[in-house]
Structures are given as C-alpha cells and as structure tokens.
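I opened the notebook to record what I looked up in this structure. Entries follow in the order I made them.

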Amino acid sequence: MAGPGEGSKVSYFTSETAREAGRKGGKASAALRRRRRLIQDALIDLLSLPLIGQNDIDKTAIEILTIAGVPDPTQADALAVAMLLKAKAGDVEAAKFTRDTSGEKPRQGVEIGNLDGQPFEAIDLSKLSDEQLQQMAATRRAETEATE
C-alpha cells in the first residue's frame, strides 16, 4: 500500500485549506438550497393562480371542474384534470401520478407486525414454534385481506 508521497493519489490539505474548501462548499450548498426554495415558492404561487380559460385545455378543465362543483378553479385544479384526462387516454405514467397523488399509492416494502407487543427486533424467530410462526402468518394474511 502506497503511503504519502509514494504514488498515492490522495491529496493532503492543510487544516487551513480544508477549512476554506469546507466554507466554500457550505456557501454553495446554502445558495443552492435558497434557489430550490425560490423555485418551490414560485410553483406554489403559480399553481394557486385562478384558471381563466385562455385556451382549449383550460376551457375543458373549467367545464369539468364546474360540473364537479369546484368553485373558483385554480391552475392546480387544471393540472389535476389534465393528468386525469391523460390517464383515461391510456398514459400509464399519468395514471400512476394520479393514483399516487390521490393517496392510493401502493405500499412499498413489507410490514411485519408484533408478537405479544414486542418490537420485531426483539423477537428471535428461531425460538418460535411452527405453530407460533403459522399463527403470525395467518394474522398477517387476515390483516392484509381486511385492508384490501
């Protein structure tokens, strides 16, 4: 293994140059966070603007939202209508966006319940009997079926 000065590609900073590099990185990171926040604020402001029906898409959105009883439709409402219409036309990504945004996103991963109120990490599954393991599996199946 090469040490310092023996072909190693590691550059060594003095504490002063490391501190300066860290300071510059921190300032750049803070500026990027401010810029991202400004974009988020701008989008929130734009989505809250009233929908005035300047084009065919807006007119269709206003018609649909009026039928749905939405008072004073906004750009966000029009966006929701546009995504729904794309989803209905067969756009899979629009369908996923609509499903996920409406709160119907499928769960990611597996949830494992408790046994006798103990956290899962505290349970040594190798010490459970076959009957206990089958009972846990049956309980989990019943919970899953009840939520579907």
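**Core.** I started with the largest nonpolar core of this predicted model. It has five residues: Leu51, Ala61, Leu65, Ala78 and Val81. Helix 2 and helix 3 each supply at least two residues of this core. I then listed the neighbours of Ala78, leaving out residues up to four places away in sequence. Ala78 touches Leu51, Ala61 and Leu65.

**Whole chain.** Next I stepped back to the fold. I counted five helices and zero strands. Along the sequence the pattern reads α-α-α-α-α. Of the 148 residues, 11% are buried. I took the contacts with a separation of 6 or more and asked how many join residues 24 or more positions apart; the share is 28%.

**Helix 3.** I went back to this helix for its burial pattern. Ala78, Val81, Met83 and Ala87 are buried there. The buried residues of helix 3 pack against helix 2 (56–67) and helix 4. I also checked its length. Helix 3 runs over residues 75–88, so its 14 residues should span 20 Å at 1.5 Å a residue. The end C-alpha atoms are 20 Å apart, which agrees.

I looked at the backbone and side chains here. At the start of helix 4, a side-chain oxygen of Asp91 reaches to within 3.0 Å of the backbone nitrogen of Glu93. The side chain of Asp91 also meets that of Lys86 in a salt bridge, at 3.6 Å from N to O. Asp91 has a relative accessible area of 29%, so I filed Asp91 as partly exposed. Lys86 is partly exposed too, because its relative accessible area is 43%.

**Another positive phi.** Which residue other than glycine has a phi near 50°? I found Asp72. Asp72 sits in the loop between helix 2 and helix 3. Its relative accessibility is 68%, so Asp72 counts as exposed.

**Salt bridges.** Side chains of opposite charge can pair when their charged atoms come close. I found five salt bridges in the structure. Besides the Lys86 and Asp91 pair, I looked up two others.

- Glu20 and Arg23 meet at 3.0 Å, N to O. Both lie in helix 1 (residues 15–47), three residues apart, about one turn of the helix. Glu20 is partly exposed because its relative accessibility is 33%. Arg23 has 40% relative accessible area, so Arg23 is partly exposed as well.
- Lys96 and Glu93 meet at 3.8 Å, N to O. They are three residues apart in helix 4, so about one helical turn separates them. Lys96 is at 37% relative accessibility and therefore counts as partly exposed. Is Glu93 buried or exposed? Glu93 has a relative accessible area of 54%, over the 50% cut-off, so Glu93 is exposed.

Terms used:
Residues are numbered from 1 along each chain as its sequence is written. This is a predicted model: local features need pLDDT of at least 70, side-chain atom pairs count only at pLDDT 80 or more; totals for chains, interfaces and linings use all residues. Side-chain values use heavy atoms; hydrogens and water are left out. A polar contact is a pair of N or O atoms within 3.5 Å; within protein, one must be able to donate a hydrogen and the other to accept it, and residues adjacent in sequence count only if both atoms are side-chain atoms. Helices (H or I, at least four residues) and strands (E, at least two) are DSSP runs, numbered from the N terminus. The expected span of a helix is 1.5 Å times one less than its number of residues. Buried means under 20% relative accessible area, exposed over 50%, partly exposed in between (1.4 Å probe, protein chains only). Contact means heavy atoms within 4.5 Å. A nonpolar core is a set of buried Ala, Val, Leu, Ile, Met, Phe, Trp, Tyr and Cys residues joined through side-chain atoms within 4.5 Å. A salt bridge is a side-chain nitrogen of Lys or Arg within 4 Å of a carboxyl oxygen of Asp or Glu.
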